[in-house]
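Take a slow look at the model below before reading on.

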Amino acid sequence: MRATERAPAFLSTDFQEMTMSVIRTGLPHRLAAAVLTLGVAVGAAGCGSSPTAADTPAKRASASSLVLIDGWVKAADEGMTAAFGKLVNSSGRDVHIVSATSPVTRSMELHEMAHADGGQMVMREKKDGLVVSAGGEHRLEPGGDHLMFMELTGPVRPGQDVPITLTAEDGSSVEVTAVARSYTGANEDYQGGDHDHDHDGHGHGGH
Ligand SMILES: [Cu+2]
């Protein structure tokens with residue numbers, strides 16, 4: 001992925017369209033990303049090192065290239081909840097999101113679903129963050145990647161607009177909005193590594 005991040009911004013329109021078509025055909029994300037990286041490497045070799053506007057920080061892909069389409073968050077009174085939607089990257093470069101914050105939660109994590117030792121699906125922190133490919137999109141959905149609110153500071157009620165700030169690897173950030181709605185799913189078990197939250201409110205009562 002380093003090649004992608006350091007590549008000049010002169011990706012040709014043809015190449016971007018090719019990449020988009022690869023993504024649209026539904027190939028796995030990683031494959032599409034690999035194709036993109038390969039294409040950039042070839043392009044860079046063929047064009048030599050022409051210093052362009054790509055060298056100025058303002059031209060690098062930043063979080064501001066992202067929008068969250070149909071963003072929503074599961075309404076909850078307390079504890080944990082999650083936000084979903086479709087992140088779309090309108091720039092010609094990958095955007096690597098490494099963290100998120102929201103005023104309605106004390107902390108947030110980027111989560112993914114994975115198989116636990118027992119075979120069941122659990123959610124866990126996505127340690128490497130998430131990448132939205134150049135000109136591509138990344139879906140956040142129940143059962144998949146999501147933005148996790150680790151500890152709500154108060155109730156999140158249906159209809160409420162919840163602001164979320166996404167921060168990219170380069171330190172840039174963008175604010176998106178998710179609308180709270182009632183939802184009965186997304187009750188995945190959390191496989192936290194070293195979190196020190198006490199998950200109260202779930203009395204087991206010895207049954
Ligand atoms: Cu989660």
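Asp 70 sits in strand S1, and its phi is near 50°, a positive value in a residue other than glycine. Most residues other than glycine have a negative phi.

Residues are numbered from 1 along each chain as its sequence is written. The pLDDT is the predictor's confidence in each residue, on a scale from 0 to 100. For this protein the average is 76, and 63% of the residues score at least 70. Over residues 194-207 the pLDDT is below 50, and that stretch has five contacts in the model beyond near neighbours in sequence. Residues 1-59 also stay under 50, with 51 contacts beyond four places in sequence. A contact, by the way, is two residues whose C-beta atoms, placed from the backbone, lie within 7 Å. Where pLDDT is low, the predicted coordinates should not be read in detail.

Now for the overall layout. The protein has three helices and 11 strands, and from the N terminus on they run α-α-α-β-β-β-β-β-β-β-β-β-β-β. Both kinds of element are DSSP runs numbered from the N terminus: helices are H or I over at least four residues, strands are E over at least two. Of the 207 residues, 29% count as buried. Among contacts with a separation of 6 or more, 72% are between residues 24 or more positions apart.

Back to S1, and to the strands it pairs with. Two strands pair if DSSP finds at least two bridges between them. S1 and S2 run antiparallel and share six bridges, with Val 67 facing Val 88 in S2 as its bridge partner. They form a hairpin with six residues between the strands, where Gly 79 takes a positive phi near 75°. S1 also pairs with S10, this time in the parallel sense over three bridges, and Val 73 stands opposite Ala 180 there.

What does S4 pair with in the antiparallel sense, over five bridges? The partner is strand S5, residues 121-125. His 111 stands opposite Glu 125 in S5. This is a hairpin too, with five residues between the strands, and Gly 119 in the turn has a positive phi of about 95°. S5 then pairs with S11 in the parallel sense over two bridges, placing Met 123 opposite Tyr 190. In the loop between S10 and S11 you'll find Ala 186, with a positive phi near 55° although the residue is not glycine. Ala 186 counts as partly exposed because it has 18 C-beta neighbours inside 10 Å.

Time to go inside. A nonpolar core is a set of buried Ala, Val, Leu, Ile, Met, Phe, Trp, Tyr and Cys residues joined through C-beta atoms within 7 Å. The largest one here has 31 residues, and Ala 83, Leu 147, Val 162 and Ile 164 touch the most other members. Strands that each supply at least two residues of this core include S1, S2, S8, S9 and S10. Setting aside neighbours within four places in sequence, Ala 83 is in contact with residues including Trp 72, Leu 147, Val 162, Ile 164 and Ala 178.

Finally, compare two residues. Is Met 148 buried or exposed? Met 148 is buried, because 23 other C-beta atoms lie within 10 Å. Met 148 belongs to strand S8 and, beyond four places in sequence, touches Met 80, Ala 82, Met 108, Glu 109 and His 111. Arg 157, in the loop between S8 and S9, counts as exposed because it has 12 C-beta neighbours inside 10 Å. Not counting residues up to four places away, Arg 157 touches Ala 75 and Ala 180. Arg 157 and Ala 75 are 82 residues apart along the chain, yet their C-alpha atoms are separated by 5.2 Å.

Technical notes. Predicted model: local features only at pLDDT ≥ 70, side-chain atom pairs only at ≥ 80, totals over all residues. Buried ≥ 20, exposed ≤ 12 C-beta atoms within 10 Å, placed from the backbone.
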